[in-house]
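The report treats a sheet and then a pair of helices.

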Number of protein chains: 2
Amino acid sequence: MSATLIDGKAIAAETRAEVARDVEAFTARTGHRPGLATVLVGEDPASAIYVGGKQKASREVGIEPFDHRLPADAPAVEVEALLERLNADDAVSGILCQLPVPGHLDGVALTGMIDPDKDVDGLTPLSAGRLALGLPGLRPCTPAGVMVLLERAGVDLRGAGAVVVGRSNLFGKPMAQLLLGADATVTTAHSRTRDLPGVCRTADVLIVAVGRDRMVKADWVKPGAVVIDVGMNRSEDGLHGDVAFDEVSEVASAITPVPGGVGPMTIAMLLRNTLAAAELQIARRVPA
Amino acid sequence: MSATLIDGKAIAAETRAEVARDVEAFTARTGHRPGLATVLVGEDPASAIYVGGKQKASREVGIEPFDHRLPADAPAVEVEALLERLNADDAVSGILCQLPVPGHLDGVALTGMIDPDKDVDGLTPLSAGRLALGLPGLRPCTPAGVMVLLERAGVDLRGAGAVVVGRSNLFGKPMAQLLLGADATVTTAHSRTRDLPGVCRTADVLIVAVGRDRMVKADWVKPGAVVIDVGMNRSEDGLHGDVAFDEVSEVASAITPVPGGVGPMTIAMLLRNTLAAAELQIARRVPA
């Protein structure tokens with residue numbers, strides 16, 4: 001392979017170490033320790049593992065974790081009441097409602113209840129609007145993590161042609177907004193795009209988040225492009241991204257592996273967002 | 001010229017006639033007449049003309065206009081108190097705070113105070129977030145008007161390559177979101193874009209909003225493309241758009257003129273938004 005590997009695992013570890021230092025400084029300065037509340041409804045094993053990972057990662061950087069679990073049949077009013085309590089609780093800097101929630105609940109409506117200054121997932125309508133308008137606010141973790149990877153890899157986004165494949169609310173749309181804010185020329189492509197390989201070939205920076213095992217081939221990539229693979233596809237021959245890594249790494253100038261690329265950044269950015277949320281709330285409590 | 005002219009003046013008149021019919025039906029059904037409150041701070045003559053035009057247009061379609069004017073030195077608390085009163089007033093379906101406001105006021109903060117269900121300009125952070133996430137809500141008038149023009153011109157956006165030149169919060173960014181929602185492959189270009197002519201040449205649908213007199217030349221346009229010109233530039237030889245109309249209309253398949261293209265759609269969409277806001281508020285008042 002000729003491409004430089006963008007080592008997400010190492011960059012995420014650096015980010016977490018930075019957050020740990022910044023949490024200590026924040027706590028020394030304010031006398032207040034940032035706290036992250038996770039809300040898990042039901043017993044989905046994968047969700048329980050994710051939540052456990054976030055709790056553990058919080059503890060490691062000095063953020064106090066609050067672990068709230070409700071039974072799978074918890075009525076909406078009970079989840080809402082919990083979110084309201086957490087919104088009002090000064091010890092809770094950030095709130096994360098683990099999705100998906102059981103079918104009788106409305107995940108979008110529940111997420112929308114979270115105080116936008118505690119919205120560490122950056123997924124409420126108000127957080128999305130702040131991002132769209134370029135206002136300060138909490139940004140979704142995975143695209144924010146990609147921005148850190150690009151920065152650490154020394155990619156100059158100003159005027160670069162960036163193509164984002166995928167347009168989810170969770171990743172593709174906020175990713176496009178962040179790239180636009182960094183002065184890239186941004187194209188959002190998706191399942192309806194005509195000539196997807198041709199569109200991808202125009203990219204100086206190609207970011208793929210579609211959930212299709214090794215879809216992007218070497219001849220989809222402009223020689224020298226930077227390729228960020230957000231996919232995570234499990235198949236009989238192992239875990240793979242949306243990019244055919246072996247062949248694309250012969251064409252790209254830099255590329256993220258799967259696993260060990262974008263994945264590790266998500267929790268690192270969640271921790272950074274929790275600290276940012278704690279800062280927002282301190283600013284809110286002290287009259288200007 | 002070979003391009004079909006997209007007659008914004010005629011389409012706007014049709015839209016206003018439709019809104020007038022729908023307002024009558026709404027009033028007959030609910031016993032409630034939609035109302036539009038405009039807030040003008042200061043004496044800027046252009047702003048006064050815009051506000052007057054919106055008042056007159058409201059009256060013509062059966063929307064009750066409420067005309068609020070404050071002196072140029074009105075303190076922020078006075079404007080805020082007025083907006084709060086209008087938010088609470090059931091007779092007011094839509095609120096429009098005419099921008100720009102005098103320098104001692106914060107236009108973004110004032111706009112942000114407007115109840116999102118009364119935000120007929122579609123410019124509050126929550127409205128921007130609803131658009132970004134594909135949730136129901138009020139959309140900014142000018143890009144929404146462009147969507148109507150494209151629809152009336154029979155343009156099939158699904159899978160089409162759309163290029164938006166300009167990335168303002170008022171137009172470019174929401175325009176890109178609306179096109180993405182209609183399944184176009186969307187590129188946002190701007191002042192930092194390398195090879196802007198080359199990017200424009202990839203467009204099946206080219207939408208330009210940069211405020212540069214006749215910047216887009218014939219050789220920037222793919223033969224057969226649809227060209228929407230959002231510019232309004234006054235020069236010694238008259239009013240012109242951002243597109244060199246005479247030469248581009250020889251290449252494009254359809255094009256909007258300036259004046260008489262996008263411009264007339266903005267007020268028409270403001271009226272439609274006011275009716276939509278009235279519907280939202282009726283839905284809110286009647287317990288589900």
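This is a predicted model: local features need pLDDT of at least 70, side-chain atom pairs count only at pLDDT 80 or more; totals for chains, interfaces and linings use all residues.

In chain A, three strands form an open sheet with parallel pairing, and their order is β3-β2-β4. Because β3 (64-70) and β4 (94-97) of chain A stand at the edges and each has a single partner strand, one side of each is left without a neighbour in the sheet. From one strand to the next, the twist averages 15°. Helix α2 (residues 45-60) of chain A packs on this sheet, where it touches β2, β3 and β4 of chain A, and the direction of α2 makes about 160° with that of β3(A).

Strand β2 (residues 35-41) of chain A pairs with β3(A) in the parallel sense, over seven bridges; within this pairing, Ala37(A) has Phe66(A) of β3(A) as its bridge partner.

**The helix pair in chain B**

Helix α6 (residues 141-152) of chain B packs against helix α10 (residues 263-285) of chain B at an angle of about 105°, and their axes are 8 Å apart. Since angles of 65 to 115 degrees count as roughly perpendicular, α6(B) and α10(B) are therefore roughly perpendicular to each other. The table lists the residues that make the contact.

| Helix | Residues in the contact |
|---|---|
| α6(B) | Cys141(B), Thr142(B), Ala144(B), Gly145(B), Val148(B), Leu149(B), Arg152(B) |
| α10(B) | Met265(B), Thr266(B), Met269(B), Leu270(B), Arg272(B), Asn273(B) |

Methods
Residues are numbered from 1 along each chain as its sequence is written. Chains are lettered from A and ligands numbered from 1 in the order in which they are written. Side-chain values use heavy atoms; hydrogens and water are left out. Two strands pair if DSSP finds at least two bridges between them. Helices (H or I, at least four residues) and strands (E, at least two) are DSSP runs, numbered from the N terminus. Axes are lines fitted to C-alpha atoms, for helices over the stretch in contact, and angles run from 0 to 180 degrees between N-to-C directions. Contact means heavy atoms within 4.5 Å. Angles under 35 degrees count as roughly parallel, over 145 as roughly antiparallel, 65 to 115 as roughly perpendicular and the rest as oblique.
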